[in-house]
Amino acid sequence: MAAAGVLGVVLGVKRLGGGAGLLLGAINQAGLKARQTYNPDGNRAHKPLVLDDATYVIPKKAGWPRWFLADTDSNRDQDGGKLDTRWLVVFVRTGPDALWKAAYLGVLPASQVPEFALDGDGLATPVKPQDDELAVAPADLSASYTGYLQNGSPDVFTPSTSTSGWRETRRTTRRAGFSYQYIDQPLTGSTFAPLGLRTEDGGALVFFTSKHFERQVAAKGLRPEVNPDVKALLTGEVNSTLTKERVSSQLVHVPPRAAGAGSGADTGSGGKVRMLNRLPGLIAAKGE
C-alpha cells in the first residue's frame with residue numbers, strides 16, 4: 001500500500017465511521033460531530049494531514065482479522081531533533097470483502113520507535129492476547145491500567161503523565177463548590193482487542209483500549225461548565241451534574257516476563273510496562 005493509501009484510510013470519514021466500531025473511528029466521529037455544530041462551514045485554517053516515509057510492519061498471521069502497522073512521518077511536526085515524531089497507524093481488515101480501517105494511532109518520538117523482531121521473510125511476530133512470556137499479557141493490559149488508575153494496583157506501569165501523574169492530578173483537582181468522581185473501565189471485546197508485535201529486546205509494542213468517566217457534581221447554586229465540544233455530545237440537561245465519557249487508546253512497551261513485574265505485580269526483577277503514547281477522545285456527555 002502506498003503512502004497515499006494510508007492517508008486515504010486515516011482521513012476517510014466513511015471508512016472510519018458508521019459500523020466500523022473501531023476506536024479511532026469512534027473518537028474521530030465524535031470529534032467531527034462536535035466541531036460541526038459550532039463550525040458548520042469547516043475550519044478555514046485546516047492544514048491537510050500528510051503521512052509519508054512509510055515503513056510497513058506486517059505480522060505473520062493466518063485467518064481473520066488481518067492487520068499491519070504503518071510507521072509514518074507526518075507534516076505536523078518538526079523533522080529532526082527532539083520534536084521529530086512518528087505516527088504509528090494500525091490497520092485492520094475483518095474479512096476478505098472488508099475495507100482496511102485505521103484502528104489505532106500512536107504518536108511518539110522517532111527515537112522511541114523500537115526495532116521489531118522479523119523472520120527471514122521480513123514478517124513480524126504478533127503477540128497472543130494471553131502471551132505468558134511478557135510481564136503483562138496484552139489481554140490484561142486494559143484491566144491492569146484501569147485498576148491502577150482506580151486504586152493504584154496492580155503497580156505494573158512506569159511513572160508517567162498517563163499513569164502516576166494522572167492519578168496525582170485527579171487526587172489534587174480542587175474547585176470550590178464542586179466534587180469530582182472518576183470511573184475507569186477496561187475494554188477487551190473483539191472490537192477493541194489489543195494488538196501487539198514482538199520487539200528485538202524480547203518484549204512487545206502493544207496497543208490497547210480503555211474507557212473513562214469523569215463526573216462533576218456542583219453544590220446548590222452552581223452549575224458545571226459546558227464547553228462547545230461537550231455541548232455537542234450532550235444528552236439531558238446540566239443542572240448540578242455533568243458526566244463525560246471518553247475512550248482512550250494506549251501504546252506501551254511491555255518487557256519480557258524475565259525482566260518484568262508480571263501480571264500479578266510481584267514476579268520478575270522489577271521491569272514495568274512503559275507508556276509511550278495515550279490518545280483519548282470524548283464520545284458522550286450526560287447532564288442531570
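**Exercise 1.** State whether Tyr 145 and Phe 157 are buried or exposed.

*Solution.* Buried means under 20% relative accessible area, exposed over 50%, and partly exposed in between (1.4 Å probe, protein chains only). By this rule Tyr 145 is buried, and Phe 157 is buried too. The model is predicted, so local features need pLDDT of at least 70 and side-chain atom pairs count only at pLDDT 80 or more, while totals for chains, interfaces and linings use all residues. Residues are numbered from 1 along each chain as its sequence is written, and side-chain values use heavy atoms, without hydrogens and water.

**Exercise 2.** Classify the ring pair of Tyr 145 and Phe 157, and state which parts it ties together.

*Solution.* Rings of Phe, Tyr and Trp (its six-membered ring) pair if their centres lie within 6.5 Å; planes under 30 degrees apart count as stacked, over 60 as edge-to-face and the rest as tilted. The chain has 7 aromatic pairs by this rule. For Tyr 145 and Phe 157 the centres are 5.5 Å apart and the planes 65° apart, making the pair edge-to-face. Tyr 145 lies in helix H4 (residues 138-151) and Phe 157 in the loop between H4 and helix H5 (164-172), so the pair ties together parts that are 12 residues apart in sequence. Helices (H or I, at least four residues) are DSSP runs, numbered from the N terminus.

**Exercise 3.** Find which charged residues sit over the ring of Trp 166.

*Solution.* A charge sits over a ring if NZ of Lys or CZ of Arg is within 6 Å of the ring centre and within 35 degrees of the ring normal. Arg 170 lies over the face of Trp 166, 4.3 Å from the ring centre. The charged end of Arg 278 also sits over this ring, at 4.0 Å from its centre.

Key
Helix = DSSP H or I, 4+ residues; strand = E, 2+ residues; numbered from the N terminus.
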